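Me: Could you take a close look at one part of this model with me? I would like the cut-offs spelled out along the way.

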Amino acid sequence: MSDLAKKNKIEATNEDFNNQFIKMLSGFNGDQKTLLDYYKNNPDEIDRLKNFIVEQKIIDFIINIESIEKKQYSTKEFLKLWEKSRDE
């Protein structure tokens with residue numbers, strides 16, 4: 001997945017992160033300050049959240065490609081395309 005993200009410049013922007021965090025805060029049933037403190041004190045969790053955002057964006061990217069490019073290939077054509085994509 002990380003190769004696909006790099007190749008297509010898919011990343012979690014600050015805006016993406018803030019929007020996801022706001023969603024989490026609104027769905028958090030406890031003290032929101034506790035959640036804020038948790039993320040402030042656990043930078044690995046921030047990275048995990050950013051990775052989640054990138055994964056969601058990759059899924060959206062793949063779905064959009066699938067809906068745009070539907071074409072049937074023979075096995076031989078598919079293998080040629082597969083090899084070409086691995087060489088890039």
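Which residues make up the largest nonpolar core?

Reply: Happy to. A quick word on the ground rules: this is a predicted model, where local features need pLDDT of at least 70 and side-chain atom pairs count only at pLDDT 80 or more, while totals for chains, interfaces and linings use all residues. Residues are numbered from 1 along each chain as its sequence is written, and side-chain values use heavy atoms, with hydrogens and water left out.

The largest nonpolar core has seven residues: F17, F21, L25, L35, Y39, L49 and I53. Such a core is a set of buried Ala, Val, Leu, Ile, Met, Phe, Trp, Tyr and Cys residues joined through side-chain atoms within 4.5 Å. Buried means under 20% relative accessible area, exposed over 50%, and partly exposed in between (1.4 Å probe, protein chains only). Two or more core residues come from each of α2 (14-27), α3 (32-41) and α4 (43-68), and α2 gives the largest share, three residues. Helices here are DSSP runs (H or I, at least four residues), numbered from the N terminus.

Now for the rings. A search of the whole structure finds three aromatic pairs. Rings of Phe, Tyr and Trp (its six-membered ring) pair if their centres lie within 6.5 Å; planes under 30 degrees apart count as stacked, over 60 as edge-to-face and the rest as tilted. F21 and Y39 have ring centres 5.2 Å apart and planes at 90°, so they pair edge-to-face. This pair links distant parts of the chain, with F21 in helix α2 and Y39 in helix α3, 18 residues apart. F21 is buried at 10% relative accessible area, and Y39 is buried at 11%. Y39 also pairs with Y38: the centres are 5.5 Å apart and the planes at 90°, so this pair is edge-to-face too. Y38 is partly exposed, at 38%. F17, F21, Y38 and Y39 form one aromatic cluster.
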